Amino acid sequence: MKIGQFAVQNETSIDTIRHYMSLGLIIPEKHKTQFDFDDNCTYDFKEITILKKIGFTLSEIQQLMLYRRIGKLTGYDRRITYTSFFEKKKAQIESEIIKLNEMKLNLDAALIEMNHELELDKSIIPETLGIPFKSLDLFCCPECQGTLNILDGKIQNDQLINAVLECDLHHQVVIIDGVIYHQDSVPGTYFDEDEDEVNLHRYSESYIDEYINTTHIDYLQKLYSGLEWSSRHLDFESMSDEIVLELGSGHGYFMRHMIDRFPKNVTYIAVDHDAIKLRWLKKIIERSKPNCKVVFICSDFTKIPIKPISVDWLLDISGSSNFAFDHQEFLLDKIDGLTKEDAHLHGYYIIFKNFASTSKIPLEFRDGFKIQPLKKFIKKLGYKCISEFETEPVEKGGPLEDYFVEGEHVCSFLYTGIKGQKPLG
């Protein structure tokens, strides 16, 4: 019979039959381009199926069948030989069962400990991070830069948790559950605390599963190597009573790895336009009990309610790279008025050889979001390079080729610098 009929008769696939043929487990007779499967093939297939159910690997089955075929074993000799193989396999399985039972006991103990710790964590209500009264002077109306006055508010541990702030021109900034919202970003209704917790928990689970399942391991390794470089090149010890602003905190990869390194008197401001991501990140940071003061702002980058010339450290962690997809302006240029004359810049940039045809990147980047134009822009803003680092690019056909855009080649560029005299012209 032909291969298709043989596969149907044995309730398997043609690919499986071809694989068995390549291993020499099934040897049909060949007539020109066609294979003919006889009763011997059927007998061999049934033997393979039985041996697989017992637990033998295909390589072990190869060895067993060669003993039978080449040795021309009689029924008695075959049973003696197979009995020896079966006894060895049984001993191997029993040994594996013992190991698996030990692993299961260790796993059960680890789960019990984890569940106990989870229950303890649930019993500890983390302190809600709000806006410290001492930090209110840092903020202003994003429309007119006027002073913000408190119209109404809920105070907890010398922090504003819920409040309405308004300037003299009646532009408002709203604080909800400790997050500052620009008036264009305010959610339609206040959150139900219990329902909000459930929704954020669901978001956390779905996000982590999706990210792990869809992100290539090479990209994750590059991301981590960048974090390691940052931890070695950020001068945490020199920070004293300074304002740190992160553009586009997202899921907080950088923030969650670094927050414990910042001194107690530092104010770390995390900005993102995505309210769900920001609130999810806020819950995580609250559980970690950060040493420094942390403020969360939900706003477009160009409408951050911070007074001009206030920021000592600017963290551009992929913010400019992402901003460039939809805007013709360079992000650091747009928010430059927030930084002090001697501000530090720490940047993590995703470098693209090509951009999607619909992207609205600055003209200088039309050839691709590359390192040299980026460095030129940063220098134009008055920053002097202290250190920089570039990851190896992903070559054509590499594992990240289709990660962002089909045919795209990416790498990461990390930079630290400090403002000096801006170049003339």
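Buried means under 20% relative accessible area, exposed means over 50%, and partly exposed is anything in between (1.4 Å probe, protein chains only). Keep that in mind for these close-ups of a predicted model, where local features need pLDDT of at least 70, side-chain atom pairs count only at pLDDT 80 or more, and totals for chains, interfaces and linings use all residues. Residues are numbered from 1 along each chain as its sequence is written, and side-chain values use heavy atoms, with hydrogens and water left out.

**View 1. Here's the whole chain.** It has 12 helices and 14 strands; these are DSSP runs numbered from the N terminus, with helices (H or I) of at least four residues and strands (E) of at least two. Of the 425 residues in the chain, 42% are buried. Take the contacts (heavy atoms within 4.5 Å) between residues at least 6 apart in sequence: 70% of them join residues at least 24 apart.

View 2. Helix 2 covers residues 14–22, and its Ile-17, Tyr-20 and Met-21 are buried. These three sit on the same side of helix 2 because they cover an arc of only 100 degrees around the axis, going by the directions from the helix axis to the C-beta atoms. In general, an α-helix has 3.6 residues a turn, so residues three or four places apart point the same way. Now look at the other side of helix 2: Asp-15 and Ser-22 are exposed there. Just after helix 2 comes Gly-24, with a positive phi of about 80 degrees.

**View 3. Two loop residues have a positive phi.** Most residues other than glycine have a negative phi. Glu-11 isn't a glycine, yet its phi is positive, at about 55 degrees. You'll find Glu-11 in the loop between helix 1 (3–9) and helix 2, and its relative accessibility of 76% makes it exposed. Ser-318 also isn't a glycine, and its phi is positive, near 65 degrees. Ser-318 lies in the loop between strand 11 (311–317) and helix 10 (319–323), but it is buried, with a relative accessible area of 12%.

**View 4. Leu-245 sits in the largest nonpolar core.** A nonpolar core is a set of buried Ala, Val, Leu, Ile, Met, Phe, Trp, Tyr and Cys residues joined through side-chain atoms within 4.5 Å. The largest one here has 44 residues, and Leu-245 and Leu-332 have the most contacts inside it. Skipping residues up to four places away in sequence, Leu-245 touches residues including Ile-269, Val-271, Trp-313 and Leu-338. Apart from this core lies another, with 33 residues, among them Val-174, Tyr-181, Phe-236 and Ile-317.

**View 5. Met-255 is buried in helix 8.** Helix 8 spans residues 253–258 and holds Met-255, which counts as buried at 0% relative accessibility. Leaving out neighbours within four places in sequence, Met-255 is in contact with several residues, including Glu-246, Tyr-268, Leu-281 and Phe-296. Met-255 and Leu-315 are 60 residues apart in sequence, but 9.9 Å apart in space, C-alpha to C-alpha.

**View 6. Ser-288 belongs to helix 9.** This helix runs over residues 275–288. Ser-288 counts as partly exposed, with 35% relative accessibility. From Ser-288 to Asp-260 is 28 residues in sequence and 8.8 Å in space, C-alpha to C-alpha.
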